[in-house]
Amino acid sequence: MSKSQSRSRSKQAKRFISSVAALSAFALGTIASPASADAAKPTVGMWYSTWYAKKPSVAPTWSTGFGAGSTNQLLGDVNGDGKDDAIVFDGATGKWSAALSNGNGFGAPTVWATGHGTGSTNQFLADENGDGKLDAVAFDGATGAWKVALSNGNGFGASSSWITGHGVGSGNQFMADVNGDGRSDSVVYFASNGTWYAALSTGSAFSAYSQWIAGHGVGSSNQFMADVNGDGKQDAIIYIANSGSWFVAPSTGTGFQPYYAWASGHGYGSSKQLVSDANGDGFADAFVYFNFDQNGDGLNGDLYGLTYLKSSKSLATGSVVMNSGFGYNASKLFQGNLSGDAYGWKATVAFNNATGTWSVEPYHYFKKNLHDTWAAWNMKYLPLTLGTYRQYDSNEVPVIDEHIAAMSSAGVDFLLLDETNGLYVDDGYIYDRAVTLSSRINAWNSTTGNRSLKYALAIGDLQYTHDPQSVEFEAGEAWKQFVNTANGGTKNYYYLNGKPLLVLHAGAAERNAWLNWTGDKTNSSKFTIRYSEGGTPSGDYGWYTPASGTIANDEVMVVMPGHNPNQATYTPISRANGDYYTAKAWDRVMQKNPKPQIVMVNSYNEYAEETAVAVTDTSQVTGLTEKWLNKSGVMDNAMYWNMTKEYIRRLGNLAFGATVTASSSGESGDWGRSRLNDGLLNSGSGSVGWTSDASLTVNHSEYVKLDMGTSHAVSRLDLYPRNDSGNVGQGFPIAFNVQTSTDNVNWTTVATVSNYALPGNAVQSFAIAPMTARYVKVTGTSLRPNAGDGNNYRMQLAEIEIY
């Protein structure tokens with residue numbers, strides 16, 4: 001049935017009224033139920049997860065036979081399409097050949113230049129003129145000559161000399177943008193005295209070289225150029241093999257500052273070292289490769305990394321396995337963005353010179369959830385995605401747009417983005433997707449006619465660091481990356497009490513430590529801080545509610561369909577065929593008078609802890625994970641989303657809390673005027689509904705009137721028949737009219753109904769011409785006798801809603 005024909009029932013109500021005797025204690029007369037203040041519709045927030053990675057599979061071999069026996073091999077984007085390509089150089093002929101990346105392999109190689117760099121000492125790919133395409137650079141150690149052939153996107157142009165006499169006798173050479181102008185400069189290092197010289201690019205030549213630092217790197221095993229502090233200028237880095245020590249001399253744009261320790265004990269015994277911004281966060285990371293089984297998993301060839309931590313503005317103190325069982329006995333190892341990854345992640349590439357084989361494995365492939373979260377966490381849910389049931393990546397723009405449209409249409413006001421495991425955890429893959437989501441929300445809100453949908457952040461690194469300072473750091477980053485941006489502001493970010501909302505997820509001990517911390521709270525003071533934790537104490541914004549259900553609170557109430565974090569020590573909260581979501585969650589919100597300021601739904605798409613309500617196929621889930629079964633035991637993919645939409649709609653019910661007046665009323669523990677608008681649609685113990693109780697033996701008229709306190713725009717009336725067992729539809733009048741008034745004196749009849757059939761267990765909706773009204777009155781002009789009640793004539797309703 002369509003929504004206009006049926007409604008969800010959380011439980012089958014019991015029959016309570018069956019005889020005149022049962023009604024004998026009821027009060028008679030026209031008496032009003034207690035009045036309440038007119039309240040605004042609550043704001044609806046919804047937890048939303050951006051941690052789903054579903055990256056396409058990457059071919060393990062990208063090319064075979066390309067570059068076998070070549071003098072040098074390089075990796076870089078030579079055609080400006082955002083994907084790094086494979087380049088090989090033949091020293092005898094000066095031939096440069098390119099195999100362009102198609103995103104999952106290298107294409108057929110073509111010659112891009114000949115006679116460029118014949119007999120040269122070193123070769124590079126670097127953007128010399130700032131056009132976004134890497135050019136071919138050759139260095140001659142005997143003469144210090146640097147020759148450049150600019151890329152036109154299809155080949156390298158004519159070779160020309162850009163400088164001579166620069167780097168004769170040097171121990172290492174680099175192409176690096178040391179002054180941050182977008183053009184690569186030529187840098188040389190002399191091992192004997194640790195002196196570094198740089199010749200800056202003008203876009204058509206290298207200017208005269210000058211000394212940038214001395215005494216940096218004497219006795220070092222390897223040297224690198226990379227931007228370690230995110231200022232856009234590449235810095236001078238050295239590595240000492242016998243201690244695994246790393247030192248860096250930062251660039252000022254005109255020289256290198258005194259060096260300092262960058263890392264220690266990282267890479268001792270490694271055969272190769274690499275430095276690059278491999279996760280695209282703007283800061284260089286340090287990697288070391290062991291040509292054996294370093295991590296003990298039985299696979300030879302392990303790459304370890306120290307990645308940059310924004311919280312400490314330094315490299316992490318402990319290295320982690322990035323790739324295992326990859327690149328064993330490779331001739332050369334690279335890192336490159338071969339697929340054009342939107343977040344700049346660089347795959348690890350191994351080249352075998354004997355066979356010309358280029359092997360590829362994604363960045364940090366050892367941590368599987370960064371690439372396929374669904375498989376890594378054994379989640380077998382299949383969300384409805386762009387018309388089919390499939391798993392998705394949280395960075396898929398069409399999917400994000402579909403989610404935004406669905407939640408906005410449902411009446412959700414803001415999303416609470418779950419960053420509670422740490423804003424930059426797991427190489428920032430969750431953060432990156434949150435930024436993408438924020439940009440799509442900005443696009444949505446910038447489109448005329450779209451209902452606004454905002455977002456806020458929930459952070460939680462405190463639960464791991466136990467250091468209140470981490471709250472300040474995350475608050476600062478939240479402000480910088482989400483609030484004070486084009487994708488934030490009051491247009492897109494949700495504000496509470498005049499400030500952007502920031503939810504802190506932490507246990508009671510960490511929360512108290514933060515509250516009592518006397519350190520600088522400049523960053524957090526920019527926000528309205530609220531909290532979440534397991535069990536959701538009253539006033540918290542999550543995470544999960546207790547088994548007993550939603551806790552009443554004036555500011556916020558959290559509703560969820562169930563909860564199962566799949567932990568051995570935790571007893572799951574069953575969805576109970578929808579009963580938990582209705583009876584123990586939403587119905588408590590509907591009954592609260594006044595309503596809370598905010599209702600938080602946990603969640604749209606949290607499948608790891610099984611609180612999702614989005615339309616989802618659960619037929620493949622196993623174990624303790626519940627299939628979504630309705631009251632009839634039938635799988636219903638849309639049941640929780642439909643419930644959510646219906647309850648959000650009902651939050652706008654103008655009848656809730658209105659003063660109810662009736663021509664007569666039977667008052668007991670189960671019946672009464674206050675039961676007519678208490679938010680409970682079902683006739684059950686403690687709330688069957690309202691019943692008249694006068695002139696029972698003859699057909700007559702009865703009315704019920706609602707005073708909403710102030711005038712509102714009104715366009716629909718929903719009447720819910722009683723639905724207790726054996727009495728479904730009984731007491732619903734055969735003929736009735738609906739009237740509205742602004743002053744309780746002058747009345748307008750907006751609907752007249754006659755010969756109305758006995759309704760079933762379904763809401764009876766009546767659309768009326770939009771008007772302004774404070775009072776709504778329903779008058780039964782012909783009542784229906786109930787054989788189960790001695791054929792008495794009563795007007796009875798379980799609930800009235802006004803919209």
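Where is the place of Trp543? I found Trp543 in the loop between strand E34 (528-532) and strand E35 (556-559). I kept in mind that this is a predicted model.

**Entry 1: cis peptide bonds**

I went to Trp543 for its backbone. A cis peptide bond links Gly542 to Trp543, and its omega is about 15°. I then looked up another cis bond, the one that runs from Asn602 to Ser603, where omega is near 5°. Ser603 sits in a loop too, between strand E36 (598-601) and strand E37 (616-617).

**Entry 2: two asparagines with positive phi**

Next I turned to Asn744. Asn744 is not a glycine, yet its phi is positive, about 70°. I traced Asn744 to the loop between strand E41 (735-741) and strand E42 (748-753). How exposed is Asn744? Its relative accessibility is 31%, so Asn744 counts as partly exposed.

Asn755 was my next stop. Asn755 also has a positive phi without being a glycine, here about 50°. Its loop lies between E42 and strand E43 (764-782). Does Asn755 count as buried or exposed? I noted 69% relative accessibility for Asn755, and because exposed means over 50%, Asn755 counts as exposed.

**Entry 3: the two domains**

I stepped back to the whole chain. The protein chain splits into domain 1 (382-651) and domain 2 (654-802). Nine residues from domain 1 and 10 residues from domain 2 take part in the contact. I also noted the distance between the C-alpha centres of domain 1 and domain 2, which is 37 Å.

How much area is buried between domain 1 and domain 2? I wrote down about 690 Å², with carbon and sulfur atoms giving 44% of that area. On the domain 1 side, Gln591, Arg649 and Arg650 lose the most area to domain 2; together they account for 61% of what that side buries.

**Entry 4: what holds my attention at the interface**

How many salt bridges does the rule find across the interface of domain 1 and domain 2? There are three. I looked at the salt bridge between the side chains of Glu801 and Arg649, at 3.8 Å from N to O. That is the Arg649 I had listed among the residues losing the most area in domain 1.

I also checked polar contacts: two residue pairs make them across the interface of domain 1 and domain 2, both at pLDDT 80 or more. Helix H9 (579-591) and helix H10 (639-650) are the elements that each give two or more residues to the side of domain 1 touching domain 2. By class, I counted one nonpolar, two polar and six charged residues on that side of domain 1.

How values were computed. Residues numbered from 1 in each chain as written. Heavy atoms only, no water. Domains from an automatic or database assignment. Contact = heavy atoms within 4.5 Å. Buried area = accessible area lost by both parts, 1.4 Å probe. Salt bridge = Lys/Arg side-chain N within 4 Å of Asp/Glu carboxyl O. Polar contact = N/O pair within 3.5 Å; in protein donor to acceptor, adjacent residues only side chain to side chain. Helix = DSSP H or I, 4+ residues; strand = E, 2+ residues; numbered from the N terminus. Nonpolar A, V, L, I, M, F, W, Y, C, P; charged D, E, K, R; others polar. Buried < 20%, exposed > 50% of the residue type's maximum accessible area, 1.4 Å probe, protein only.
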